[in-house]
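Take a look at the protein below.

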Amino acid sequence: MNTNLLVWPQLLPCKSSNLGRRSSSPSPLNSSVSAVAAFYKISNSQLSLSDNYDRHCIQIIHNPELIIPKHVAIIMDGNRRWAKARGLPVEEGHKFLTPNLKNICNISSKLGIQVLTAFAFSTENWTRSKEEVYFLMNLFEEFFEEFMRFGVRVFGNRPRLPITLQKGIELIEKATKANEGLHLMLALNYGGHYDILEATKSIASKVKDGLLQLEDIDYKLFEQELATKYAKFAKPDLLIRTGGEQRISNFLLWQIAYSELYFTKTLFPDFGEEELKEAIRSFQQRHRRFGGHTY
């Protein structure tokens with residue numbers, strides 16, 4: 001076997017056992033290829049140069065260079081187009097929001113992702129039809145019981161939301177406050193412009209009241225006023241957008257300054273485990289320099 005095939009850069013751990021074909025007499029191979037390379041366990045003993053590595057299960061045993069993003073943000077786009085392409089009402093596409101996001105949460109938790117932020121409803125989405133907005137508000141009211149095992153936090157302009165939804169948000173946040181593991185942050189009636197303006201007004205008010213001096217205002221203080229201040233890791237490492245559009249759409253404008261961006265044509269109702277893992281593989285192969293350089 002050509003051990004050079006093992007030098008895949010920063011591959012995602014894979015636990016599936018049904019990918020690839022196992023020989024009748026498997027012989028797992030462990031090979032140390034460099035000081036920073038991984039030790040791999042190959043589930044199939046026959047590999048060729050033409051094989052696509054996505055068809056094989058390569059399990060990372062040890063790799064100090066491997067990075068799983070701590071915080072992943074996702075713009076869940078494409079529900080309406082998915083429904084229209086099938087001649088269905090747009091509401092049928094939105095019905096995938098809860099089960100798909102729950103599936104993404106479960107997979108993210110298993111992979112070791114610690115924070116998942118989902119863009120559910122923007123400050124601009126009120127311009128949609130009253131029927132669609134009404135459907136979504138009702139959907140969100142029934143949404144939270146599916147996520148009780150995670151630590152849930154909702155951020156955005158709450159006062160404009162229906163009172164019943166506001167009460168549901170308060171209950172889920174209180175009930176899941178002590179939960180460990182994955183934290184789910186839901187952006188609901190949220191916009192990046194709104195977030196920055198609210199932070200600015202809060203700081204200005206504190207200066208006016210004598211609680212802050214102008215010299216006190218710095219990068220760290222400003223971030224403590226943003227909607228993501230409660231997150232363990234406030235700034236996403238990876239931002240995923242489904243649906244094919246390649247724009248940010250007023251989402252986490254301050255927080256994603258150095259996030260890695262991943263755009264996929266897959267519509268959100270079709271976005272599942274393999275698509276999420278492909279996004280993370282892409283992230284793992286990038287070199288994050290944060291304005292500096294490593295070469």
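Arg80 forms a salt bridge with Glu132, and their closest N and O atoms are 2.8 Å apart. A salt bridge here is a side-chain nitrogen of Lys or Arg within 4 Å of a carboxyl oxygen of Asp or Glu. Side chains of opposite charge can pair when their charged atoms come close. This pair links distant parts of the chain: Arg80 is in helix 1, Glu132 is in helix 4 (residues 130–143), and 52 residues separate them. Helices (H or I, at least four residues) and strands (E, at least two) are DSSP runs, numbered from the N terminus.

This is a predicted model, where local features need pLDDT of at least 70, side-chain atom pairs count only at pLDDT 80 or more, and totals for chains, interfaces and linings use all residues. Residues are numbered from 1 along each chain as its sequence is written, and side-chain values use heavy atoms, with hydrogens and water left out.

Are the two partners buried or exposed? Glu132 has a relative accessible area of 2%, so Glu132 is buried. Arg80 has 29%, so Arg80 is partly exposed. The cut-offs are simple: buried means under 20% relative accessible area, exposed means over 50%, and partly exposed lies in between (1.4 Å probe, protein chains only).

A second pair is Arg158 and Glu173, whose side chains meet in a salt bridge (2.5 Å, N to O). Arg158 sits in the loop between strand 5 and helix 5 (163–176), while Glu173 sits in helix 5, 15 residues apart. Glu173 is buried at 12% relative accessible area. Arg158 is partly exposed at 22%.

Now look at Asp77 and Arg241. Their side chains form a salt bridge (3.0 Å, N to O). Asp77 lies in the loop between strand 3 and helix 1 (79–85), Arg241 lies in strand 7, and the two are 164 residues apart. Both are buried. Together with Arg81, Asp77 and Arg241 are linked in a network of salt bridges. A search of the whole structure finds 14 salt bridges.

Glu91 lies in helix 2 (residues 90–94). Leaving out residues up to four places away in sequence, Glu91 touches Glu131, Glu132 and Phe135. Contact means heavy atoms within 4.5 Å.

Six strands form an open sheet in the order 5-6-4-3-7-8, with parallel pairing. Strand 5 (151–155) and strand 8 (260–263) are at the edges with a single partner strand each, so one side of each has no neighbour in the sheet. Two strands pair if DSSP finds at least two bridges between them. Strand 5 and strand 6 (residues 183–190) pair in the parallel sense over five bridges. In strand 6, Leu184 is the bridge partner of Val152.

Helices pack on this sheet too. Helix 3 (residues 97–111) touches strand 3 (71–75), strand 4 (115–122) and strand 6. Helix 8 (residues 273–284) touches strand 7 (238–241) and strand 8.

Finally, step back. The protein has eight helices and eight strands. Buried residues make up 44% of its 295 residues.

Note on methods
Axes fitted to C-alpha atoms, helices over the stretch in contact; angles between N-to-C directions.
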